[in-house]
Amino acid sequence: MSINNKTILKKVMHELWDTARLLAISLLIATLLKNTVVASAYVPSGSMEGTVATGSRIFINKLAYTVAEPQRGDIVSFYCPDEADTLYLKRIIGLPGDTVEGINGYVYINGEILLNDYTDIRLNRDFGPFVVPEDSYFMLGDNRTNSWDSRYWDNPYVSRDAIIGKATFEFYPQVKVLE
């Protein structure tokens with residue numbers, strides 16, 4: 001092998017090594033971010049239609065609740081209390097200590113109608129009252145007539161530690177901030 005060929009081979013091997021290191025570091029950073037900062041989720045059902053369409057892909061901010069508590073109206077990803085290994089996406093309606101009920105198509109919190117209930121879809125039947133325990137939340141889908149949510153679960157409350165994070169924006173099929 002001539003000196004020129006050895007030099008070329010050495011340069012190619014050096015470039016391959018640099019590329020492999022860059023890929024390994026990139027994968028490590030992506031894995032760390034996915035496990036600690038953000039997650040992406042696929043929305044398989046129509047329970048949030050009107051806000052998030054079936055088939056959408058969204059980003060979940062896993063750090064959202066490290067410095068603040070979940071708030072009424074937040075859209076969150078969480079493990080379903082009846083199916084511990086199943087992730088759901090719903091809106092927080094009831095906070096710890098709240099009494100939540102549905103009467104004549106409207107949601108009531110502590111006896112007061114929830115004026116901004118995040119949807120134009122009215123309830124098709126009454127529910128409750130549910131008194132939300134400490135460190136737990138009551139969830140509803142925005143598509144109130146087609147959502148398997150706290151109203152129907154055997155264990156209607158989502159514990160704080162079952163919440164993965166806050167849904168921040170949809171990135172497919174459109175890009176939009178979730179509110």
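# Reading strand pairing and salt bridges

Mentor: Let us start with β3 and strand β11 (residues 163-172), which pair in the antiparallel sense over 3 bridges. The model is a predicted one, in which local features need pLDDT of at least 70 and side-chain atom pairs count only at pLDDT 80 or more, whereas totals for chains, interfaces and linings use all residues. Residues are numbered from 1 along each chain as its sequence is written, and side-chain values use heavy atoms, with hydrogens and water left out.

Trainee: Which residue of β11 stands opposite Ser77?

Mentor: Two strands pair if DSSP finds at least two bridges between them, a strand being a DSSP run of E of at least two residues, numbered from the N terminus. Here Ser77 stands opposite Gly165 in β11.

Trainee: Over how many bridges do β3 and β4 pair?

Mentor: β3 and β4 pair over 6 bridges, in the antiparallel sense, and Tyr79 can be found opposite Leu87 in β4. The two strands, β3 and β4, form a hairpin with 2 residues between them.

Trainee: Is strand β3 largely enclosed or left open by the rest of the structure, and why?

Mentor: A residue is buried when its relative accessible area is under 20%, exposed when over 50% and partly exposed in between (1.4 Å probe, protein chains only). In strand β3 (residues 75-80), 5 of the 6 residues are buried, so the strand is largely enclosed by the rest of the structure.

Trainee: What is the order of the strands in the open sheet of 4 strands?

Mentor: Reading across this open sheet, the order is β7-β6-β5-β8, and the pairing is antiparallel. β7 (112-113) and β8 (127-131) stand at the edges with a single partner strand each, so one side of each has no neighbour in the sheet.

Trainee: How many salt bridges does a search of the whole structure find?

Mentor: A salt bridge is a side-chain nitrogen of Lys or Arg within 4 Å of a carboxyl oxygen of Asp or Glu, and a search of the whole structure finds 6. One of them joins Asp74 to Lys166, with the closest N and O atoms 3.7 Å apart. This pair links distant parts of the chain, given that Asp74 lies in the loop between β2 (57-61) and β3, while Lys166 lies in strand β11, 92 residues apart. Asp74 is buried, at a relative accessible area of 10%, whereas Lys166, at 29% relative accessibility, counts as partly exposed.

Trainee: Which side chain meets that of Arg91 in a salt bridge?

Mentor: The side chain of Asp142 does, at 2.7 Å from N to O. Distant parts of the chain are linked by this pair too, with Arg91 in strand β4 and Asp142 in the loop between β9 (136-140) and β10 (157-159), 51 residues apart. Arg91 counts as buried at 1% relative accessibility, and Asp142 is buried with a relative accessible area of 0%.

Trainee: What is the N to O distance in the salt bridge of Asp149 and Arg151?

Mentor: The side chains of Asp149 and Arg151 meet at 2.8 Å, N to O. Asp149 is buried, with a relative accessible area of 0%, and Arg151 likewise counts as buried, at 10% relative accessibility.
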